[in-house]
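Here is a note to read alongside the model, written as numbered points. Please keep the sequence and the 3D view open together while you go through them.

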Amino acid sequence: MEKKTVVLYPGVGVGHLAPMLELAKAFLRHGGDQVDVAIAVFEPPVYANGFAATVARAKASNTSVALHVLPPPPPPASDGGDDADPDVPLARMLRFLRATNAPLRDFLRALSSSRRVQAIVLDMFCADALDVAAELGLPAYFFFPSGTAGLACFLGLPAMRASVGTSFAALGDSAVLSFPGVPPFTVADLAQGLADDGEACKGIIGVAARMPEARGILINSFESLEPRAMRALRDGLCVPDRPTPPVYCVGPVVSPGGDKDHDCDCLRWLDAQPDRSVVFLCFGSMGAFPKKQLEEIAVGLERSGQRFLWVVRGPPGAAADDDDVGALLPAGFQERTEDRGFVVKNWAPQVDVLRHRAAGAFVTHCGWNSTLEGVAAGLPLLCWPLYAEQKMNKVRIVEEMKLGVEMRRRDDDDVVTAEEVEAKVRWVMEDSDGARALRERAAAARDSAAEALAEGGPSCAAFLEFLEDLLASEGMVNV
């Protein structure tokens, strides 16, 4: 029987490519005798940190998946009218994705000359590619990489904006927004670009309004982690004016770790540490801090007396080489903490670190990939959101899932002080009642995640249900 090909289109940025790569592996695990997988990517004009390296690693370690880097489209003209702002990364990204429709269409047509293209799975930001799919008669699904409550908010944005009758910013930072199935959060916690009715906000609301056109939506979460949001989606509460397409909770779609190429010094250092004794600090591919904030973290870690593994990125725009991480930190810090701390520049094998027996807690920027990796490893989370939808994720982690606590910023300058770092790191690692309860909830969530993905588990069953629907669709007919 001839295999059918599913095309995955992850949009832009490492944070969107990485989960699509794991989704490709799920296709091969559950339907490898029936489907092949191709991934189509464009090198992004924004959010490009680590993109080339991620593509290179992906090609080397996923030889069963065809990964195609497509030629970039011509620079798109701004179509945002008076609101267009070339300096807003999210707006630039959405314009870029609209411009990729033509080369994406050419790629799909060329691919169909040698194989049966069955469906396309789009990233959450790629709603304009629905037009390409419709033109080619290709069933289109979305993969939403930011969880169930994130999808509930995203689908509800058009109705929420219409109901308030003004920009979210005009309501004030402390105004509370309530979406079905989601804990209330303030305007200040909204994802970047959504408050001010500028080009980015209008673009995202337009994307959200089109998502229900898809044949179905895959969610990178598992049902027991976010049951209230899943009920709201199934009951149609998030899209009040039209049917919600089928939603499939198929996560956690995260790397299992164990890459043999990740034999690095930090893992060997962890091997020498006691079980559950190390706090891991890592803030994602874009998590760079000014020197002042790095110094506050360093002082707090030193005073805490706890073991730590810290991934340090230099301040934005810094041109420091790989060996000068010490220049970013207080004088003598590494020497004074060398018996209990390890600092690594820019990158560490995060999944392998989180799943190491010595890891005891995770200081995270609350990107959804990192959040799920921490949950799957059973670690309590110290939440330090930085950008995108991470403040919304923080609310979900702390108030709904109860799997973390917030690292609070100082009001006057938005800095997390050394005192806050010291206090929260000590609290989560020491044996207080609150910390013990948090660790127990984290361990229970880890077990639930594993059960969801196991054969017969709810996430496994949801993926098989999705795959059955995909294989029953017509596939590409109008080439």
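How many salt bridges does the rule find across the interface of domain 1 and domain 2?

1. The rule finds three of them across the interface of domain 1 and domain 2, where a salt bridge is a side-chain nitrogen of Lys or Arg within 4 Å of a carboxyl oxygen of Asp or Glu. Before going further, please note that this is a predicted model, in which local features need pLDDT of at least 70 and side-chain atom pairs count only at pLDDT 80 or more, while totals for chains, interfaces and linings use all residues. Residues are numbered from 1 along each chain as its sequence is written, and side-chain values use heavy atoms, with hydrogens and water left out.

2. The division into domains should be read with its origin in mind, since the bounds come from an automatic or database domain assignment. Domain 1 covers 4-255 together with 453-472, and domain 2 covers 265-451. Their C-alpha centres lie 28 Å apart, and the contact (heavy atoms within 4.5 Å) takes 37 residues from domain 1 and 29 residues from domain 2.

3. The size of an interface is often given as the accessible area lost when the parts come together. Between domain 1 and domain 2 the buried area is about 2400 Å², and carbon and sulfur atoms give 59% of it; buried area here is the accessible area (1.4 Å probe) that two parts lose on being put together, summed over both.

4. Asp189 deserves a careful look. Asp189 is placed in the loop between strand S7 (185-186) and helix H8 (199-210), where helices (H or I, at least four residues) and strands (E, at least two) are DSSP runs, numbered from the N terminus. Asp189 has a relative accessible area of 13% and is therefore buried, on a scale where buried means under 20% relative accessible area, exposed over 50%, and partly exposed in between (1.4 Å probe, protein chains only). Leaving aside neighbours within four places in sequence, Asp189 is in contact with Lys391, Met392, Lys394 and Val395, and with Lys394 it forms a salt bridge whose closest N and O atoms are 3.9 Å apart.

5. Strand S1 (residues 4-9) has five of its six residues buried, so it is largely enclosed by the rest of the structure. S1 runs parallel to strand S2 (residues 35-41), to which five bridges join it, and Val6 stands opposite Val37 in S2; two strands are said to pair if DSSP finds at least two bridges between them. S1 also runs parallel to strand S4 (residues 116-123), with six bridges, and there Thr5 has Val117 as its bridge partner. Together with helix H1 (residues 14-31), S1 and S2 make a right-handed β-α-β unit, right-handed meaning that, with the strands pointing away from the viewer, the path from the first strand over the helix to the second runs clockwise.

6. In a regular strand the side chains alternate between the two faces of the sheet. Strand S8 (residues 216-219) can be inspected with this in mind: Gly216 and Leu218 point one way, Ile217 and Ile219 point the other way, and all are buried. S8 pairs in the parallel sense with strand S5 (residues 140-144) over four bridges, and Leu218 is the bridge partner of Phe143. S8 is also joined by three bridges to strand S9 (residues 247-249), again running parallel, and Ile219 has Cys249 as its bridge partner in S9. From S8 the chain crosses through helix H9 (residues 227-234) to S9, in a right-handed β-α-β crossover.

7. The peptide bond from Gly251 to Pro252 is cis, with omega near 5°, and Pro252 is placed in the loop between S9 and helix H10 (265-271). Arg276, in the loop between H10 and S10, has a phi near 50°, a positive value in a residue other than glycine, and at 38% relative accessibility Arg276 counts as partly exposed. Lys402, although not a glycine, has a positive phi of about 55°; Lys402 lies in the loop between helix H15 (390-401) and strand S15 (404-406).

8. Finally, Cys282 is found in strand S10 (residues 278-282), and with a relative accessible area of 9% Cys282 is buried. Not counting residues up to four places away in sequence, Cys282 touches Val311, Gln350, Phe362, Val363, Thr364 and His365.
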